[in-house]
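Dear colleague,

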Amino acid sequence: MAKLSVLLHQIDNGTVLLPEFQRGYVWTRDQVRGLMRSLYRGYPVGGLLLWETEPDQVSVRGDATDGGVRLLLLDGQQRITSLYGVIRGDAPAFFEGDASAFTGLRFNVEDENFEFYAPAKMKDDARWVDVTRLFTEGLEPFIKDFSTAPDRFATYLERLNRLRQLLDREFHEEKITGPDKDVEVVVDIFNRVNSGGTALSKGDLALAKICAHWPPARQVMRDHLKRWGNAGFEFSLDWLLRNTTAVATGRAIFVALDTVPSKDFETALAKSVGYVDHFLQSVSGRLGLDHDQVLMGRYAIPVIARLLHLSPGGRFADALHRDKVLFWYVHSALWGRFAGSTETVLAQDYEVAKESGIDGLIASLERWRGGNLEIQPHDFEGSTKGSRFYPLLYMLTRVKGARDLGSGLELHAEMLGKLASLQVHHIFPKALLYKAGYDRLQVNAVANFCFLTQETNLAIGKRDPREYFAEAEEKHPGVLASQWIPADPDLWRVERYPDFLAARRELLAQAVQSFLAELRNGASAAAADLQPVTVVVDEQDDVRATQVKAMAEELVRLGYAEPALDSEIADPVTGRALAVAEAFWPDGLQAGQGKPVVLELDPDVADLPRLEELGYEVFTSVDSLLGYVARRNENAAGEETVVPDQPTAEKGVDVEFNQAMRSIYDQARSEANYHATYFLSMLAEHGSLATARKLLHAPAVSDGFAALWERGRLDLTVEALVVQPRFVDLFTPAEIEIAQHRLGQFGYR
């Protein structure tokens, strides 16, 4: 048994640490609240598992003491880190994660609840005690504060004293000891203990062994990842390790690194970083794929690293060689070559690269595709920037001299000068299409996108294509053809929008196929390198994008992992796209814990049964995901959320508001063909006023708000009802302001 105060002291002096293979801190604020609540009430919170090691047995995180036995936390990291952060007011030396999860915790001496600081609720209320201040400064600062409440003085001090006594709480410890307990054995124990928590990947295990012999390995790799991140490309530690394994061993499995001496690994890492740099320069300069959103097929890159390692000088032999490699890279990404069974496919391609180089890789890819490496118009039928054919549209724009519809200039950094930033533009404006009854997938079709300068995009705004197409062509003849826009003016009418998309897909497919043939045949290998440009995505008038962004920000604020937005999920067997998720947590809402989570707002075009069969947890609305998280948080915190006091409604107005809420449901169904079933269930469960307040206090607009915006009927939203003069007295000024902001943000006056 060990007292909490002793454990904290051991962390301070560096005798309790984390092994390098441990993943970072992933707890949420509600889990921290729940832990403190359980400890305060004397509930069991579990024991600790520690590994007793000598200094040379394993690499650690944090400031280790010189010599002597060390205790490495294997089970209990999240709990002990949380307690250290709350009690010390700072993160421990071994910390990796978001410290806001345990910063600003308050304890209410009246109702004995724990919550994080909220100025509107807690400012100037002495009953909300700063927990960290209590532990660092003791009871004395609070005695004066409580003297104004003599009848509660003794109770408040008793409760604070009980909270401080958590330092005497004892934790049961189990220790792994003995010279036979090496890194591999301990990692196996760790994974068994954490079978329901944060288990290690194969890459984590391989890196743990490497760090035992070369401690700086992980940090050196992180430094390279950070440098690429600053340049606009985000890669993972596992991915970089995969590249290094390819260079060091020519094999795809991480266990191959077991026989690689640490010095050789260090050399292979440096070489693989150089190969990645060379590839990124080539893919950016030759294809214009110069930022993360358009960098396809990341797991094709280890094959290219292996290919470069086998090439003299570690570089492409010449421009023809480079272009053939880029041809293979684009096609391997488009058809999901590395979507599943990654190690098996990589092993096959490493062997082909060794035996017959890039020509063999292309031939192998053709066989895998049944001899078909042609781009067809229907391939461009995808929607949103997550579609695997969106990068091809950007590539065409950059390499084929697409021109700005306003200035007529080619969209090259050297041509645009100070205007060298592009914006994604909807050729047919979203508002125009939604008004005409087209759905979200049609509105956000890849064939409805083009790239323009920000200045031109702003000038065009929401104008009808029939107007601005004619103007652009008159000022700059040929500019429409440069953007693969059909020349027939009849296709520019909103009524012919589906035909416009079909015609533009034909033009895009022809252009891509022609360019890829040039790459394969070396027809234009001497082309000058393209300079990077900045791409700005303006989604201010897209309620769905705003809704998803607000949801993601709220989950990150609560301590959950940041999702990938507009992310394609491919079938690991066939490589076909199963969904383009609006948000995707590949490692679970908390990294390494639970199933991968998918938010798919267009379930009709996704293969949900296959996603669920593969173990994904799928949500088809923002409301359902936020509801799931709210229930999860309540369970973690061990208490239900308390709704703050609200204005008291007059009975007559209350009844009238109830009728109005039911009326907007009926109107939405009859006039906008929107069946708000979730809204109806909320009315039945909570009543009209509570439903309205829940929707207003939600971190993102509701699915109903988004659906009615798409139908041009924001007048039927709860927000529009709340701001009506006859109902404003039912709500606080802050709630009225939320409603006004949401309506104004999306053009409703």
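Helix H16 (residues 390-399) and helix H23 (residues 497-521) pack at an angle of about 65°, and their axes lie 10 Å apart. Helices here are DSSP runs of H or I with at least four residues, strands are runs of E with at least two, and both are numbered from the N terminus. Axes are lines fitted to C-alpha atoms, for helices over the stretch in contact, and angles run from 0 to 180 degrees between N-to-C directions.

This is a predicted model, in which local features need pLDDT of at least 70 and side-chain atom pairs count only at pLDDT 80 or more, while totals for chains, interfaces and linings use all residues. Residues are numbered from 1 along each chain as its sequence is written, and side-chain values use heavy atoms, with hydrogens and water left out.

H16 and H23 are therefore roughly perpendicular to each other (65 to 115 degrees; under 35 counts as roughly parallel, over 145 as roughly antiparallel, the rest as oblique). Their crossing is left-handed, meaning that the near helix is turned anticlockwise from the far one by less than a right angle. From H16, Leu392, Leu393, Met395, Leu396 and Val399 meet Arg504, Leu508, Ala511, Val512, Phe515 and Leu516 of H23 (contact: heavy atoms within 4.5 Å). By class, this contact of H16 with H23 has 10 nonpolar, no polar and 1 charged residues (nonpolar: Ala, Val, Leu, Ile, Met, Phe, Trp, Tyr, Cys and Pro; charged: Asp, Glu, Lys and Arg; polar: the others, Gly among them).

H16 also lies across S11, S12 and S13, at about 40° to S12. These strands form an open sheet in the order S12-S11-S13, with mixed pairing (two strands pair if DSSP finds at least two bridges between them). Strand S12 (449-453) and strand S13 (534-536) are at the edges with a single partner strand each, so one side of each has no neighbour in the sheet. Strand S11 (residues 421-426) runs parallel to S13, joined by 3 bridges, and glutamine 423 has valine 536 in S13 as its bridge partner.

The other open sheet has 4 strands in the order S14-S15-S16-S17, again with mixed pairing. Its edge strands are S14 (564-570) and S17 (617-619), and the twist averages 45° from one strand to the next. S14 pairs with strand S15 (residues 577-585) in the antiparallel sense over 6 bridges; leucine 565 stands opposite alanine 583 in S15. Helix H24 (residues 543-557) lies across S14, S15 and S16, at about 50° to S15. Helix H26 (residues 622-637) lies across S15, S16 and S17, at about 125° to S17.

Regards
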